[in-house]
Amino acid sequence: MSEENTTRILIVDDLAENLLALNALIRQDDRTIFQASRGEDALNLLLEHEFALAILDVQMPGMNGFELAKLMRSTEKTRQIPIIFVSAAGKESNYAFTGYETGAVDFLYKPLDIAAVRGKVSVFVELYCQRREVRRQVQALEKSRHEQQILLAQLQATEGELRKALRMRDDFMSMAAHELRTPLNTMFLETQLRKMQLARGQEQIFDTPYLHTMVAKDQRQIQSMVRLIDDMLDASRIRSNRLSIRPVQVELTGLLARVVDNLSNQAADAGTTITLQAHPPVTGLWDAFRIEQVAINLLTNALRYGRGKPVKVSLHALPGSVRMDVCDQGMGIPEAAQQRIFEQFERVTGNDGIGGLGLGLYITRQLVEAHGGSISVQSKPGEGSVFSITLPLQPPVEPALAAD
């Protein structure tokens with residue numbers, strides 16, 4: 001049996017033969033006996049180990065048993081150890097009275113009664129084992145209570161996350177329905193108007209300019225719905241790590257020029273313009289479709305939140321990379337929301353009257369980081385915003401997003 005699983009007993013006597021005899025008398029397999037011939041040595045052992053019982057000889061040179069007992073009772077570590085005194089002096093010496101005063105639980109006289117000694121030691125060892133077991137059970141209960149508190153906190157956090165996820169799901173479904181309904185309602189009303197005009201025999205209004213205008217309006221509404229659906233699909237692909245990145249050689253200045261031109265009608269509808277700062281050609285290895293998607297997301301946001309003021313986009317060549325800035329003069333973003341807006345379904349508080357699913361910036365950040373780049377925003381409420389993306393000219397060694 002290892003020493004950790006045994007009960008320790010300390011015997012102190014200045015005579016070696018007494019130590020030997022007492023050791024033989026009380027030794028058992030489940031006990032470890034420590035011996036000391038001086039009070040000072042005994043005190044060191046008491047401070048180093050935990051004992052179930054201390055059996056002290058009263059009459060020892062130097063520090064006697066009573067003095068050792070007083071020191072034991074004055075120290076927190078040894079205060080609760082039961083003490084049995086042993087003395088060769090006669091009962092008339094009143095040593096027992098002094099022993100009980102110093103905190104002894106029993107007093108024995110020599111020559112020792114073997115059965116009495118064994119019985120008394122067994123009682124105190126059993127009491128110690130019971131106290132140790134109670135202490136172990138209390139510690140186990142305390143540990144279990146602590147683990148239950150942690151588990152409860154984790155369950156509460158999980159419950160909170162589930163509630164948030166359900167709320168976000170419901171909000172998203174509501175926003176998606178609203179965002180899809182808006183262009184559909186417009187197309188439906190336009191269709192009803194044309195149907196009514198045809199029913200009244202007003203075919204002459206469907207001349208070439210009218211048809212061009214009609215087709216352009218329908219195309220914008222369809223493109224709006226397609227972008228919403230694409231955003232939802234991309235968000236799903238990102239969560240399942242299935243969004244593909246296929247780098248090819250791309251000339252970024254020309255790509256931005258095409259995006260700005262394609263968004264000119266949308267800018268005109270918002271009563272503003274998009275200006276592309278002229279820049280020499282910049283070529284790098286990127287996924288042209290995804291970088292175009294990034295530019296469209298940023299410029300569409302700038303038009304949406306820009307309060308009808310001009311939007312500027314510019315390129316800046318850096319060593320081994322390029323930075324694109326999209327600047328608007330809109331309502332701005334509070335500092336507390338500037339990191340949150342890059343998460344799923346997050347929108348700036350106070351902009352509830354402006355449409356959107358809250359996915360554009362989330363997807364944009366994922367696409368930029370998949371190219372080994374980064375995105376940041378500088379903004380103050382009422383002073384507009386500048387969104388900046390930095391793209392390395394070469395793709396990362398391993399794509400951040402897996403291919404379909």
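Which residues does leucine 298 touch, not counting residues up to four places away in sequence?

Modeller: Bear in mind that this is a predicted model. Leucine 298 touches Met324, Val326, Leu361, Thr364, Ile375, Phe387 and Ile389, leaving aside residues up to four places away in sequence.

Helix α9 covers residues 288-305 and lies across β7, β9, β10 (321-328), β11 and β12 (385-392), running at about 20° to β10. Those 5 strands make up an open sheet with mixed pairing, in the order β7-β9-β10-β12-β11. At its edges are β7 (274-276) and β11 (374-379), each of which pairs on one side only. From one strand to the next, the twist averages 20°.

β7 pairs with β9 (residues 311-318) in the parallel sense, over 3 bridges, and threonine 275 has lysine 312 as its bridge partner in β9.

Now back to the leucine. The largest nonpolar core has 43 residues, and Leu298 is among those that touch the most other members, along with Ile274, Leu299 and Met324. Elements giving two or more residues to this core are α7 (252-262), α9, β9, β10, α10 (360-370), β11 and β12. Helix α9 gives the most, with 8 residues. In soluble globular proteins, nonpolar side chains tend to be buried together.

Notes:
Residues numbered from 1 in each chain as written. Predicted model: local features only at pLDDT ≥ 70, side-chain atom pairs only at ≥ 80, totals over all residues. Heavy atoms only, no water. Pairing = 2+ DSSP bridges. Helix = DSSP H or I, 4+ residues; strand = E, 2+ residues; numbered from the N terminus. Axes fitted to C-alpha atoms, helices over the stretch in contact; angles between N-to-C directions. Contact = heavy atoms within 4.5 Å. Core = buried A, V, L, I, M, F, W, Y, C linked by side-chain atoms within 4.5 Å. Buried < 20%, exposed > 50% of the residue type's maximum accessible area, 1.4 Å probe, protein only.
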